[in-house]
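Work through the exercises below with the sequence and the structure open. Each one gives a task, followed by a solution in steps.

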Amino acid sequence: MQQREDFLLKAYELGIIKFGNFTLKSGIESPFYVDLRPLSSSPQLLKTLSNNLLELVEDAPFDLICGVPYAALPMGTTMSLASGVPLIIKRKENKGYGTKRMVEGVYEDGQNCLLVEDVITSGQSLLETIEEIEREGLKVTDLVVVLDREQGGINKLRDKGYRVHTLFTINEVIDILHRYHRLSDGDMARIKNFLNNPPAPPQMKRIPLEGKKIQHPIGKKLIEFALKKKSNLIASADVITSSELLKLAEEVGDHVVALKLHTDIIKDFSFDLIDKLKVIAKEKEFLLFEDRKFADIGNTQELQFKEGVYKIADWADMVTAHPIAGEESLQVFEHVGVVAIVEMSSKGTLTDDYYITKALNVAENSSNVLGVVAQRQVADELLLFTPGVNLSSKGDTKGQQYNTPERVFKAYHTDFMIVGRGIYQSVNAKESAIEYQTAGWNAYLESLN
Ligand code: 5IU
């Protein structure tokens, strides 16, 4: 008993539990925060912990040990060294690395694997890990966990027939720290109250368009058009002649907030076309959005933006750009709204979570950027544009993947959906535009509740 308390007090000194106000991943405000990773900074404590955990599973049958990444990896390793039981390593990343095995190490079908975890909360991620280990032909009967946050995880696993051995419960930890004066009476009461009446995670409410704090004048214009026309629709006009483009602009103009162009696919491009488009755009109130997808160093992008055949800077209201060349490269896009591409809709795109995080950072710090293209919810300060929307198709044969308007507005909280073939390839572009406009606007309104 004394040994466990000793361990806990020393671990507390390392900073494994902090008291204050913390926002958890779920959005819940918690009066404490637990992170067992600092334990690896004390080899002695890690050894003590590992011995304690091994004692807990003395009678459990296991041939292999596996620490759940990442916090429990050093714990599992230390237990393996102390017990002589071999370790296997489970990969954390499981998407996009198709050819790699999920579990590394030497093992045979039917062997029993002890899972080691630092903290158990709802038990959901442990259940997913168990499933992945079992999929490799291994058996899991016992799990050993350092800290149980007492939020139902243990029961969830026991109901499925797994034995869970825990070193501490959160209530015990709080009691011990209070007894040894590491925690005041007031803080202890506050934490106990939190543990006894756990708050529900806050509903992630979306911000309505009129509540968005968008500084960029083009962003404001888009929002103004959207509210006035009751439309979150941007039509992508991927047609290849001036006449088709002008016809489409006339037909869909009343129902969209912007017309997205790829001027470099138009066979007979001319500034006469641009002049005519500008007249229609003015009359029908929509913006001209050149989907140029700039992706070079600032100097080259500036030339591509201002010079050449298309002279995009002379007429476009908005352009797309990849943030791949960094913040300064985006400064060249003066007097237009930049939509930064942080995630693409196509199968196998290289825009993984890591890239997206960094790309969003660039976007948020660039004053020319009014929003981003992505297939997921992003920060409220940016407008979100989502292509890959179609009411009747799931994808094409060239990697495009489609969502419904319902999904992009409700699940991603997108602000504007971009529809190409769903409109310009339909028999009646105007009717299709109305259909998408209505479906999109209704889904948007429903997503506000
Ligand atoms: N577009 C995508 N996905 C992306 C990006 C752009 O589809 O991730 I960035 C463009 C390509 C095309 C339009 O111009 O949006 C979608 O056309 P369809 O609705 O026809 O697939």
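**Exercise 1. The buried side of H11**

Which residues of helix H11 (residues 298–306) are buried, and where do they pack?

Solution. The model is a predicted one. Step 1: in H11, the buried residues are Gly-298, Gln-301 and Phe-305. Step 2: around the axis these residues cover an arc of only 60 degrees, so they are on the same side of H11. Step 3: residues three or four places apart in an α-helix point the same way, because there are 3.6 residues a turn. Step 4: strand S11 (287–294) and strand S12 (318–321) are what the buried residues of H11 pack against. Step 5: just after H11 comes Gly-308, with a positive phi of about 75 degrees.

**Exercise 2. The two sides of H9**

Describe the buried side and the exposed residues of H9, then name elements that cover the buried residues.

Solution. Step 1: the buried residues in H9 are Ser-242, Leu-245, Leu-246, Leu-248, Ala-249 and Val-252. Step 2: they cover an arc of only 160 degrees around the axis, which puts them on the same side of H9. Step 3: Ser-243 and Lys-247 are exposed residues on the face of H9 turned away from its buried side. Step 4: the cover over the buried residues of H9 includes S9, strand S10 (258–261), helix H10 (271–284), helix H14 (421–424) and helix H15 (429–447).

**Exercise 3. Thr-241**

Find Thr-241 in the chain and list its contacts.

Solution. Step 1: Thr-241 is in the loop between strand S9 (233–237) and helix H9 (242–252). Step 2: its side chain forms a polar contact of 2.6 Å with the side chain of Glu-244. Step 3: with neighbours within four places in sequence left aside, Thr-241 is in contact with Ile-266 and Asp-268.

**Exercise 4. Asn-403**

Is Asn-403 buried or exposed, and which residues does Asn-403 touch?

Solution. Step 1: Asn-403 belongs to the loop between strand S15 (383–386) and helix H13 (405–410). Step 2: the cut-off for buried is under 20% relative accessible area. Asn-403 has 14% relative accessibility and therefore counts as buried. Step 3: not counting residues up to four places away in sequence, Asn-403 touches Gln-375, Gly-388, Val-389, Asn-390, Val-408 and Tyr-412. Step 4: take Val-389 from that list; 14 residues separate Val-389 and Asn-403 along the chain, while their C-alpha atoms are 4.9 Å apart. Step 5: a polar contact of 3.3 Å links the side chains of Asn-403 and Arg-407.

**Exercise 5. The ligand**

How many residues surround the ligand, and which are the closest?

Solution. Step 1: the ligand is surrounded by 16 residues, the closest being Asp-238, Ser-345, Gln-400, Tyr-402 and Arg-421. Step 2: look at oxygen atoms of the ligand. One is 2.9 Å from an N or O atom in the side chain of Lys-260. A polar side-chain atom of His-262 is 3.2 Å from an oxygen atom of the ligand. For Gln-400, an N or O atom of the side chain lies 2.8 Å from a ligand oxygen atom. Step 3: on its own the ligand has 490 Å² of accessible area, and the protein covers 91% of this.

**Exercise 6. Backbone exceptions**

Solution. Step 1: most residues other than glycine have a negative phi, and most peptide bonds are trans. Lys-311 sits in the loop between H11 and S12. Its 28% relative accessibility makes it partly exposed. His-335 is in the loop between S12 and strand S13 (337–341), and with 76% relative accessibility His-335 counts as exposed. Tyr-70 lies in the loop between strand S3 (64–67) and helix H3 (73–83).

**Exercise 7. The whole chain**

Which domains does the domain assignment give, and how many helices and strands are there in the chain?

Solution. Step 1: the assignment gives domain 1 (2–196) and domain 2 (209–447). Step 2: the C-alpha centres of these domains are 46 Å apart. Step 3: the chain has 15 helices and 16 strands. Step 4: of the 449 residues in the chain, 51% are buried.

Notes:
Residues are numbered from 1 along each chain as its sequence is written. This is a predicted model: local features need pLDDT of at least 70, side-chain atom pairs count only at pLDDT 80 or more; totals for chains, interfaces and linings use all residues. Side-chain values use heavy atoms; hydrogens and water are left out. Buried means under 20% relative accessible area, exposed over 50%, partly exposed in between (1.4 Å probe, protein chains only). Helices (H or I, at least four residues) and strands (E, at least two) are DSSP runs, numbered from the N terminus. The arc is that of the directions from the helix axis to the C-beta atoms. Contact means heavy atoms within 4.5 Å. Domain bounds come from an automatic or database domain assignment. A residue is near a molecule or strand if one of its heavy atoms lies within 4 Å of it. A polar contact is a pair of N or O atoms within 3.5 Å; within protein, one must be able to donate a hydrogen and the other to accept it, and residues adjacent in sequence count only if both atoms are side-chain atoms. Accessible areas come from the Shrake-Rupley method with a 1.4 Å probe; for residues, only the protein chains shown count as cover.
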